[in-house]
Amino acid sequence: MNEIVVISGKGGTGKTSLLASFAALAGNVVLADCDVDAADLHLLLAPTVKRREEFRCGREAVIVQEVCIRCGACLARCRFGAVLRVRGGDGTPVPTVSCKDCDFCVRSCPVKAIDFIQAMKDTCVSVDEAMFVIDPTACEGCGVCVHACPAQAIAFPERVSGEWLVSDTRYGPMVHARLEPGGENSGKLVSQVRTVARELAKERQADWILADGPPGVGCPVIASVSGVNLVVVVTEPTVSGAHDLGRVLELTRHFGIPAAVCVNKWDINPEMTERIEAAATVAGASLAGRVRYDRTVTAAQVEGKTVVEVATAGAGIGADIRAVWERVRATLATPRVEAVEVRS
Ligand code: SF4
Ligand code: SF4
């Protein structure tokens, strides 16, 4: 069984379209969408969800109002501004102190801004009226407030950061995921997606695991490429495409993972394509081939199909993608340096 991940230095280079076409050509395959921050493989493969599991990662603080004595220690300690003092009735944020109506400000204000002072006083609430809550989007789960609370009024449950799913597609099972907005640890979620995909592939004796990786060179990318047989890097013939490709190849070289480069829309700048391919060869990558610019890609996306399903077989972009797939297979068949497993 071979595991291939398709990545790119930046988003929008066409890696998902290429991966979906690989899925159509591969045969006995298990698919993994490792681009958990912006998953879109499902748009082309119309999956039917068979299994859905919560992804829990990290913790978040939650104040138990019945136990809270409203001392404000949590608000004073939180370095992330996640603790809010709010009006009891409607939850409107209010100043962190209560006005005691001593009128010191009224007496000492040099410009006698009485209206402004009154407006400020109006936003204040009494100690009895105020309560403390934690903004879950701002809480970093550091746990400082939990230790600081004299009343043990802060619960610290695991945070649900997203979910992972196993679905059926017309080409085989697909493992994919969804991260909550602002959810963290996408690298860990990628590892989870890959683990489940590997189990499925073993169970079904699949020939291929094909993964749609995230763009860039961050933690989710490292989690996607570690231990795979081949990384296919999709790039475009532009200055930024060449620059981003350099960073990706530096990453794959650092971890000793074989890489093959595919230039998408190569015909929009043939000269840049030549330069990119030369640089990729110098960097130790093999060349997976070129795919021309073709409106069929957009037509396929609109129809929710893969490019090879829509394109004319044996000609044009359909032939380009088939040639890239054959080159990828041939690259895997040639002897290579073993990939290094990297744990995220
Ligand atoms: S867990 Fe940390 S970040 Fe979250 S509210 Fe408490 S102190 Fe603030
Ligand atoms: S430290 Fe504890 S008791 Fe004090 S306001 Fe915060 S949650 Fe309430």
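This is a predicted model: local features need pLDDT of at least 70, side-chain atom pairs count only at pLDDT 80 or more; totals for chains, interfaces and linings use all residues.
Leaving aside residues up to four places away in sequence, Arg85 touches Leu75, Pro93, Val94, Thr96, Ala130 and Phe132. Thr195, by contrast, lies 110 residues from Arg85 in sequence, and the two are 43 Å apart in space, C-alpha to C-alpha.

The domain assignment of the protein gives two entries, domain 1 and domain 2, whose bounds are set out below.

| Domain | Residues |
|---|---|
| domain 1 | 2-58 + 165-333 |
| domain 2 | 62-156 |

Taken over C-alpha atoms, the centres of domain 1 and domain 2 are separated by 48 Å.

Ligand 2 is surrounded by 14 residues, of which Cys68, Cys71, Ala73, Cys74 and Cys149 are the closest. Sorted by class, the shell around ligand 2 holds 12 nonpolar, 1 polar and 1 charged residues.

As to confidence, the mean pLDDT of the protein is 90, and 96% of its residues reach 70 or more. Over residues 337-342, however, the pLDDT is below 50, and this stretch has 14 contacts in the model beyond near neighbours in sequence.

Key. Residues are numbered from 1 along each chain as its sequence is written. Chains are lettered from A and ligands numbered from 1 in the order in which they are written. pLDDT is the predictor's confidence in each residue, from 0 to 100. Two residues are in contact if their C-beta atoms, placed from the backbone, lie within 7 Å. A residue is near a molecule or strand if its C-beta atom, placed from the backbone, lies within 6 Å of it. Ala, Val, Leu, Ile, Met, Phe, Trp, Tyr, Cys and Pro count as nonpolar, Asp, Glu, Lys and Arg as charged, and the others, Gly among them, as polar. Domain bounds come from an automatic or database domain assignment.
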